[in-house]
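Please look over this structure with me. The notes below are meant for someone new to it.

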Amino acid sequence: MVTTVILGMLCVYLLCFSVMFLLISTRLNGKKMGVEVFALGNLLLGLAYILQLFGGPPDEVLVSVVNHTLTLSAPVVYVLGAMHFFERPTPVLRPLLTLAAGYTVLQLLVQWLLGTEARHAMLAAACASLFLAMTVAVLYGRRTFARDLRVEMLVFAVLIGGICILNAMKFAVILDGGLAAIDMSSGFQKIFYIYMSFLATVLPPCAVWLVLRRLTDELRNLAAHDPLTQLLNRRGLMDALDAYFRSRTAGPVYLLIVDIDHFKRINDTHGHKAGDRVLSHVAAVLKATARQGDLVCRLGGEEFVVIALDTDSAGAQQLAERMRAAIEHNEVAGTGVKQPIRCTATLGASGAFTAAQDFDAFLQQADAALYRGKTQGRNRVEWAGGVERSVQMYGL
Ligand SMILES: Nc1nc2c(ncn2[C@@H]2O[C@H](COP(=O)(O)OP(=O)(O)OP(=O)(O)O)[C@@H](O)[C@H]2O)c(=O)[nH]1
């Protein structure tokens with residue numbers, strides 16, 4: 001009786017969460033993160049347990065065969081859902097139907113050759129192996145594709161490891177005591193379904209949490225980057241600068257403004273689309289020329305800011321000159337029959353500063369230098385008047 005009630009609750013959980021996943025997936029336009037696949041997994045497992053409840057005794061072969069196929073298919077669907085979540089989308093329906101057909105045929109064969117007991121033992125062994133593989137994959141994921149979800153992955157590994165152990169025990173129990181040992185009223189089945197209920201309660205909110213984390217991370221990322229060039233925008237730059245100056249090892253930084261020369265002319269001659277390609281190209285050149293860790297940002301229009309970290313004035317000067325030369329010497333490939341576009345940029349550089357609050361003042365300083373560079377002929381690096389003072393101040 002107790003097991004039947006637990007099983008009934010389990011069906012309700014699974015089907016409710018299936019509907020919830022489905023509803024969530026309808027709100028996730030485009031990138032569904034596997035949520036609709038999780039809904040299918042819950043539906044299959046819910047149906048399997050409904051058959052378990054109302055399908056009659058274990059020797060009622062046809063219902064039992066369908067039940068076992070659903071029971072094995074559900075975790076496979078969860079695996080496919082997880083692959084979608086981790087951006088390795090794979091087809092779902094074809095592998096699922098192939099597995100279902102294959103396992104059904106295998107069951108009928110085993111039933112015919114070895115009987116009901118062997119078929120139940122086979123399901124327990126298959127589930128134990130599958131969950132073992134899932135546990136290993138989750139633990140591997142902590143070190144590779146899911147490094148940002150280390151704690152969550154550990155929780156999943158422990159929970160899935162638990163079902164793996166229970167299925168291995170079920171296999172041993174069937175071999176030892178036959179079908180009577182997994183009767184609904186047996187102590188083992190009680191523990192088995194209590195654990196499954198626990199999982200059905202805990203795992204779906206965990207999955208929702210993962211989806212929420214990914215969504216909020218993506219939103220934060222979108223808010224911090226320029227959509228055209230994928231560089232940091234001003235807000236992202238300020239956050240990164242704050243984070244840098246909070247670290248104990250932070251030293252003075254140098255600010256460079258990079259402004260493409262005669263960009264209006266490029267737009268007017270080649271069109272706005274080509275202008276956008278020039279912006280993306282210059283962004284890529286700046287990113288490739290800066291050192292890893294330096295902050296590269298599109299401030300707006302054709303203006304970029306580079307913050308050179310962990311360097312001295314000589315290093316910042318070399319970086320500025322490298323960037324100017326790289327922009328001058330790398331042409332933007334034309335589309336189709338169009339000629340490649342060449343462009344140059346003028347750079348204004350500030351003195352060193354040591355706090356994020358100083359950003360605006362030093363931006364103005366670099367902007368004044370940039371203006372000088374523009375009036376003195378463009379395609380050059382101009383340093384702010386205070387640079388020598390800054391260099392002396394910080395002893396660089
Ligand atoms: N294609 C494209 N053009 C942009 C974008 N943002 C700003 N612009 C254009 O950039 C041009 C900037 O022109 P100006 O400020 O006159 O500067 P400039 O022509 O580069 O001249 P100098 O800076 O003095 O060398 C304007 O024509 C803007 O319309 C953008 O996202 N895409």
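The points below go from the whole chain to single residues.

1. Ground rules. This is a predicted model, in which local features need pLDDT of at least 70 and side-chain atom pairs count only at pLDDT 80 or more, while totals for chains, interfaces and linings use all residues. Numbering starts from 1 along each chain, as its sequence is written.

2. Overall form. The protein chain has 13 helices and five strands. Both are DSSP runs numbered from the N terminus: helices are H or I with at least four residues, strands are E with at least two. The C-alpha atoms fill a box of roughly 95 × 55 × 30 Å along the principal axes. The radius of gyration is 31 Å, whereas a compact globule of 396 residues would have one near 21 Å. That radius is taken over C-alpha atoms, and the globule rule is 2.2 Å times the number of residues to the power 0.38.

3. Burial and contacts. Of the 396 residues in the protein chain, 36% are buried. Buried means that 20 or more other C-beta atoms, placed from the backbone, lie within 10 Å of the residue's own. Take the contacts between residues at least 6 apart in sequence: 66% join residues at least 24 apart. A contact needs C-beta atoms, placed from the backbone, within 7 Å.

4. Annotated spans. The unreviewed UniProt entry carries the annotation "transmembrane region" for several spans, including 61-80 and 92-114. Such annotations may be inferred rather than shown by experiment. In the model, residues 61-80 are 100% helix and 0% strand, with end C-alpha atoms 29 Å apart. Residues 92-114 are 96% helix and 0% strand, and their ends lie 32 Å apart.

5. Helix α3. This helix covers residues 61-85 and has 25 residues. From first C-alpha to last it reaches 36 Å, close to the 36 Å expected at 1.5 Å a residue. The expected span is 1.5 Å times one less than the number of residues. Just after α3, E87 takes a positive phi of about 60°.

6. F21. Is F21 buried or exposed? F21 is buried, because 26 other C-beta atoms lie within 10 Å. F21 sits in helix α1 (residues 2-27). Leaving out residues up to four places away in sequence, F21 touches V35, E36, F38, A39 and N42.

Methods. A residue is buried if 20 or more other C-beta atoms lie within 10 Å of its own, exposed if 12 or fewer, and partly exposed in between; C-beta atoms are placed from the backbone. Two residues are in contact if their C-beta atoms, placed from the backbone, lie within 7 Å.
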